[in-house]
Amino acid sequence: MRWLGLVLLGPALWAVVFSLVYGLHGTLCATASGPEDLGRAARLALVGAWLLGIAAFLPVFALIPERSGQAANLPRIGLWIGLVATLFTLFPVTVTTSC
Amino acid sequence: MSDTSLTPRTGTIAPNPPRRALALHRELQSVWANDRGLWGQMTAVSHTTLGLRFMATAIIFFAIGGILSMLIRAQLASHQGAFLDTELYNQIFTMHGSIMMFLFAIPMLEGLAIWLLPKMLGTRDMAFPRLTALGYWCYLFGGLIMLTALLFGVAPRDGWFMYTPLSSAAYSPGINADVWLLGVTFVEISAIAAAVEITVTILRQRAPGMKLTQMPLFAWYMLGTSAMMLVGFPPLIAGSVLLEIERAFDWPFFDPARGGDPLLWQHLFWLFGHPEVYIIFLPAAGVMSMMIPVLCRTTILGYGAIVAAILGLVFLSFGLWVHHMFTVGIPHMALAFFSAASVLVAVPTAVQVFAWIGTMWKGSPQLHLPMYHILGFFLTFVMGGLTGVMLAIVPFNWQAHDTAFVTAHLHYVLIGGFVFPMMAAATYWMPLITGRRRVKGLGEAAFWVILIGFHGTFFIMHLTGLMGMPRRIDVYPDNPEWVWLNLTSSIFSFVLTIGFAMFVLDLILQATLGKRESRNPWRAPTFDWAMPIPSPNYNFASLPTARHLDRDADEVILPLARGEGILPGAPNGRRELLVTRVGDAQPDHVGVLPGNTALPLALSASIGVFVLLMLASLYALAGIALVPVAVLIWVWVRGMAPGDNLASVAVTPGLRLPVHHHARASLGQSGLVAFLVANGTLFASLLFGLAFVSVVTPGPEAPISTFTPRTTAIALGLVTLAVGLASACVAWSGRHGAAMLALLLNLGALVVLVWMAATQLDDPTRHARDALRAVMAGYVGLHLLVAAGMAAFALDQFRRGEITVDVTGAWPALRLWQRYTSVTTLVTIGVLTAQAVMS
Amino acid sequence: MRGGVLIAPVALIGCSGPLSTLQPGGATATEIAWLWWVMLAGAVALTMMMVVLIAMAFGAPRDTGARVWTHGMGLAFSLVVLSATLGAGLWVGERILPRDDGAVEVRARAFQWGWRFTHTDSDGNPVETDGLLHIPAGQPVDVLITSEDVIHSFWVPRLAGKLDAIPGRTNRARISADAPGTYAGLCAEFCGLGHARMRFDVQAHDTWPPALPDESEAP
């Protein structure tokens, strides 16, 4: 049971970071008006939230030891899935027009 | 309870002495068989019976949905339309989509899992047989309500996605939309029920010693599917309930004039709708992962990678729902998040597809009939996946969205990714279902007709869409350039239908005329074939263990049939199976399952009466109709009360296990946890709705609240105190007095809540925010009521002496529910208070 | 002109038409059409590759490593292809977004079942037209879209992608027509009984604001 929980940890962390950044973006844009870009502060907040989300993975990596065998190593693979997903799905905070 | 600790490691479980297989069969049959005749079908709870019935019913709905699609194609074959008027056409395409999604695909995969999982995991039934039956009847009745509406010309007509305001009372008067909302929600009871029991069955009923990492891949796929169903369906249920309340009582959740938001519906719908696509795909991928290695005479390549891919899919598929909403005017950055997630989800899909192809390289593929359909899957699904990636690209989506291009794409993924694998699975497992061999020739012909018909219909439809043809139009008099495209699709669609008819005919011929098949015809190594064919209701005369894993099923069949496994026969005259622990699958206790009963039929019929009264807008009567529902639930739970024989059971020589009444974590307890996960998602959906209309919705601000701060504060304080105390009581002790106290505290909290709602809450019809607050109060009230009911039930069990020092009765369930109720109550109060303070 | 390069092969295989996204008449639609042709080429190549891989599987068993398939093909290969596709999509998306650059603004109001458009004449007064949207040719135009009742969607396939008309919200779509002329438009979101007939036209003018005959003005 504990093992299963650890397996879910990485993707769940992605889900949390994804929701938080998406929610933050929605809230920031709800206060803006028109098609213009949000200000520098808002952009920094979004990028910061993204980087914090990535950083949150690092201590968890230290928590979960590597084990031999792909299936047995699933918690660590799960962390990689979460980390890659966080990098891949949220990198637009750095490049796209915000609102 | 004490002898649980004596459980040896699985390796040391001694085999039972062999017995006469026929005697064992008779003994088990007398306990596990359905009752005779038609009544026996009404009372059946067996997973074999119900799984097959789920699938057969789903195929009938597939045929009905297919006939509707023929009408659509006939109408579109010429630019002036054939014979349908727009109203009827709208009903037909709405019903085609709704039937294929809710009455075919989902029940089909539920039926497959219900039928196959216990066999594959080495157990005798699903965890909650009566729930299986309840799910089936709810599915059937809900489906029949929708079909009846179609016959009377009052079927849903607002599209299978039911976008509001089009589906609101103002623009869709009449009961058409209510039929969808109530009918589909009724059917979804079966989805939640199936998700709960699939989860529990996989986690708690694996053959002893079968670690999670040793499970057949289908079990991993179904574990992922059921987890997704637990989290994916509640947003749809929440949305449907809200929209039905809006239509019935004018609470403006989605009305932009009163602070509601049509986009809230879209978010809730697609929060379900996109995971739904993967809920449909995962079981299909699961059967692929089982069949391909067997048909290639090898083992699966990359087991761990596939499990990781499932893990990735389960989560990522919840991060792409907005790609159905790329054209609603969302900022580009948010679109980019979801575009990236939609693209990324193709990676785990690719991992699986390449693992299957690698498996085929590793082995030597044999061109049996299932392999034809597997090849059909590969070709079709790869193309559908590629157009899916195209649609994930935002600018292209802006052009292609809501055109025939999407129609083509979704049929490529759904027929390619679900129907072809299901056809492969049907031809693969038919011997186990019927005990017969197929009639040669027709199956191959059916495959080719289906393949040609399918691609002839849908390949060209991509172009139709790019040439500008939108979805859901019935005529196109000004666009002669679309005629040849549509005519081609229409002609081939009839070829496709003929192919499906041939396929079903082939199954019928096999079931009726086929010669006897020998056991394990595919020489598969899994437990599902380690039994006589056709499979008996009890599956295994004695249950397999981990030492039977990874051996050719042929070597396992006879020893198990002779009772050399564990828990042989039914010596106590009741349905027994082994319950194991989640992680290592060590034997934990013996679960005693209920036998045949008409209770599920009665309960779903009484829910059906409630649904029909709601449809008729007889809301007061509908409220009264909930009384029999509550009574039947009480009777249902009484059925779980311990019988006379609570002695521990000898499962093998030297190992006695307690029955589940003595167990700390029974199947029921695990099921409640799974249900609370779904329930918690529903609660989160409501919170999301409240946050959405408060922050994102541009509509008019909510008027000033009229509550008296002091009175409200006192009332909320009282409720908080009451639920806190109730939680403390049930945590503190399992005594008669504690149950009484919990009953009174919950009832007290409920009374205060109702009084506050009546006097302090703002009129829910004036603004979406107030409506959502009222709904949340209602949610809390309902949970307090159920908690009170459970406390009363426990009290009754004390009176009957059913809760003792080592028999837990309903107590753990009450404790869990009370804790959940307290937490959601406190969160609700906290959120509402914070909102009040901030405004 | 880039549009012309596209139209030649397109007309040959019968992809042209008043509503065809493959016969673009403006910068935005042209960019998206290019995106489509590139993705189509990639999809064809990938489909062929898969067919070949599967065909090659039939035969004697081979000693094949798992990682080549799951990590090499499944992870690395697909991630590279997908990242490139996503990058192209975001790049095109950024280029065709509405910007705060003083583009001409017109308004579109959808209702069951028709369209009412507003542009500004040379005196700065709003001019309402039914079912016919006037825009200047050769420059970007922002359409402010909303709805009076249910959700509709504003789509002129030859000029740009679609954008929904949602009651209670105003969405901004950027369209542009390379040449003067009439471009067909339609409602792309299912909106009830009149959905199939909810068409409109966009008229692109060389001179802006256009001198319109009186009868096209709404009372």
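These notebook entries follow my look at the interfaces of chain B in a predicted model.

**Ground rules.** I noted that this is a predicted model in which local features need pLDDT of at least 70 and side-chain atom pairs count only at pLDDT 80 or more, while totals for chains, interfaces and linings use all residues. Residues are numbered from 1 along each chain as its sequence is written, chains are lettered from A and ligands numbered from 1 in the order in which they are written, and side-chain values use heavy atoms, with hydrogens and water left out.

**Entry 1: confidence in chain A.** I looked up pLDDT, the predictor's confidence in each residue from 0 to 100, and found that chain A averages 88, with 92% of the residues scoring at least 70.

**Entry 2: chain B against chain C.** I counted contact as heavy atoms within 4.5 Å, and on that rule 85 residues of chain B and 79 residues of chain C take part. For buried area I used the accessible area (1.4 Å probe) that two parts lose on being put together, summed over both; chain B and chain C bury about 6,500 Å² between them, with 74% of it on carbon and sulfur atoms. On the side of chain B, the residues that lose the most area to chain C are B:Phe354, B:Trp361 and B:Gln399, which together make up 14% of what that side buries.

I then searched for salt bridges, meaning a side-chain nitrogen of Lys or Arg within 4 Å of a carboxyl oxygen of Asp or Glu, and the count between these two chains is one. This salt bridge joins B:Asp261 to C:Arg169, whose closest N and O atoms are 2.3 Å apart. Helix α11 (346-362) is one of the elements of chain B that give two or more residues to this side, and α11(B) supplies the largest share, 12 residues. Sorted by class, the side of chain B that touches chain C has 53 nonpolar, 21 polar and 11 charged residues; Ala, Val, Leu, Ile, Met, Phe, Trp, Tyr, Cys and Pro count as nonpolar, Asp, Glu, Lys and Arg as charged, and the others, Gly among them, as polar.

**Entry 3: chain B against chain A.** Here 32 residues of chain B are in contact with 35 residues of chain A, and the area buried is about 2,700 Å², of which carbon and sulfur atoms give 88%. B:Phe315, B:Met333 and B:Phe337 supply 27% of the area that chain B buries against chain A, more than any other three residues.

**Entry 4: inside chain B.** The domain assignment, whose bounds come from an automatic or database source, gives domain 1 (50-513) and domain 2 (708-838).

Notes. Helix = DSSP H or I, 4+ residues; strand = E, 2+ residues; numbered from the N terminus.
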